[in-house]
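Colleague: I'd like to learn how to read a model like this one. Could you take me through some features, with the general idea before each case?

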Amino acid sequence: MELPLIGELGLNTGIVLMTALVALMLHLSMNTGKPSGPQLDERALESLLLGEDDDDADDEDGGWDDDGETQPERPTAASANAAAARIAAEQKKMRFGSASEENATRPKKQRVPPPPPKKINEGPFSIGDRVVLRNLQSAKELNGRHGIIADLWDKSTERYPVDLDLYDPRRGGAISVKATNMVKEPPVSAENEESRAPVDKGVLSEQHGRAVSFICSSMRQSVANTVKSTDPKKIANFCWMFWRTPNNKGVYPSLSKYLLEDITKDNTVDEIEKQLNPTQPKGSYDLIRNAMTSTRAVRGWNVRVTGEFWIIGGNSDGTLVIPTCNTRTVYCVAGLRLPLAVQIMQQTKCPRPPKFNLTLLPWFGRLVHDPFISTTSGTDRVEVASPLLTSQLMQSSR
């Protein structure tokens, strides 16, 4: 017998009402006050909805699976809260750190030294002024010497530190001189400027280079005959140690007599000039005679400097050298046949400035070097500057 239509409506209506009732109960349970028990996290809810099996969590074999490997313990709400608390604490520590960790990881501030006090000049000269010494009583041999003001005036002593030109490095650096014992160096006269020895690419002209070499060679040959030695170092030391003695004897008077008088007794001037300069002989011997009698050349070689020097580099006027005892002083030395720096670098390849024994000599407004040079080690080993000293030397040469 067919059910009445109302029966069909009642069954459908019941299903709809039952579904609505279940939805209402779920809605009410989700919107009630916070339950006292632990809440189900999203991962657990997802596991339930997907129908994952929890039987493994209730195994009584201590959590070992069939392969004998441990299974990770499934977190509970309490353990999750504790882990969250630990993570929060670690994150806070990473952000701020404890006092000791913060001090250990924070970069230390480098202490910036205070700027040096500003130098105030209270004397009549300024740093860098060229001066000439005069009226010295206790060091009369320095009268007429030229130098440069190295630092400020000392008000208590009324003295200036002065770096003298061609001052023997073995006597130290600057000397202390009263302002009343100095005058400013006059500008170089046009005549002296024109009479300076010509230089090209750091080297003396051929005529001047040959003249210096000939004079030094004659000097060494004469001394070698006197000391009965062929040791070049011993001969060089004797030359400069006894260049001129107090009784007007020594190497210079003997050398002067030979080159100005004796040499012409056995040779004509033309023969001497051809020996001096085969390519351009004319005037060669006149330059020798002029150099031997001029205080701007050989006659003035009592003013010289012998010692250890750093070889820095070169320019169009010559090679830059700095004495080891006073790095404020820089000399420009003209080469004889090659630039001094090139001559040294041909003998040894140095990554930094090398140190050599040199004797610097005046020559008609230039500085030249004794052709005999040697290492400071006493052997073939060449001493070179440290990287830090190299930086300081380069700064001085600028």
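Colleague: How do the axes of α9 and α10 cross?

Modeller: An axis here is a line fitted to C-alpha atoms, for helices over the stretch in contact, and angles run from 0 to 180 degrees between N-to-C directions. Helices (H or I, at least four residues) and strands (E, at least two) are DSSP runs, numbered from the N terminus. In this predicted model, the axes of α9 and α10 come within 8 Å and cross at roughly 90°. Angles under 35 degrees count as roughly parallel, over 145 as roughly antiparallel, 65 to 115 as roughly perpendicular and the rest as oblique. α9 and α10 are therefore roughly perpendicular to each other. Where they touch, α9 contributes V269, I272, E273 and L276, while α10 contributes S284, Y285, D286 and I288; contact means heavy atoms within 4.5 Å.

Colleague: What should I know about the numbering and the limits of the model before we go on?

Modeller: Residues are numbered from 1 along each chain as its sequence is written. Because this is a predicted model, local features need pLDDT of at least 70 and side-chain atom pairs count only at pLDDT 80 or more, whereas totals for chains, interfaces and linings use all residues; side-chain values use heavy atoms, with hydrogens and water left out.

Colleague: Which residues of α9 are buried?

Modeller: Start with the helix itself. An α-helix has 3.6 residues a turn, so residues three or four places apart point the same way. Buried means under 20% relative accessible area, exposed over 50%, and partly exposed in between (1.4 Å probe, protein chains only). In α9, I272, E273 and L276 are buried. Seen down the axis of α9, these buried residues fall within an arc of 95°, so they line one face of the helix; the arc is that of the directions from the helix axis to the C-beta atoms. D270, K274 and Q275 are exposed on the other side of α9. The cover over the buried residues of α9 includes α6, α8 and α10.

Colleague: And which residues of α10 are buried?

Modeller: α10 spans residues 284–293, and its buried residues are S284, Y285, L287, I288, A291 and M292. They cover an arc of only 155° around the axis, which puts them on the same side of α10. Their cover includes α6 (206–227), α8 (251–266), α9 (269–276) and β11 (355–363).

Colleague: Let's turn to aromatic rings. How many aromatic pairs are there?

Modeller: The rule takes rings of Phe, Tyr and Trp (its six-membered ring) as a pair if their centres lie within 6.5 Å; planes under 30 degrees apart count as stacked, over 60 as edge-to-face and the rest as tilted. By this rule there are eight aromatic pairs. In one of them, the ring centres of W243 and Y252 are 5.4 Å apart and the planes are at 40°, so the pair is tilted. W243 is buried at 2% relative accessibility, and Y252 is buried at 8%. W243 also pairs with W301: the centres are 5.8 Å apart and the planes are at 40°, so this pair is tilted. W243 lies in the loop between α7 (232–241) and α8, and W301 in the loop between α10 and β8 (305–315), so the pair ties together parts that are 58 residues apart in sequence. W301 is buried, at 0% relative accessibility. One aromatic cluster is formed by W240, W243, Y252 and W301.

Colleague: What about phi angles? Where does N248 lie?

Modeller: Most residues other than glycine have a negative phi, and most peptide bonds are trans. N248 has a positive phi near 60° and sits in the loop between α7 and α8. F364 has a positive phi too, near 50°, and is placed in the loop between β11 and β12 (366–369). N248 is exposed at 54% relative accessibility, whereas F364 is buried at 5%.

Colleague: Finally, how many disulfides does the structure hold?

Modeller: A disulfide is a pair of cysteine sulfur atoms within 2.5 Å. The structure holds zero of them. As for individual cysteines, C325 is partly exposed at 36% relative accessibility, and C332 is partly exposed at 27%.
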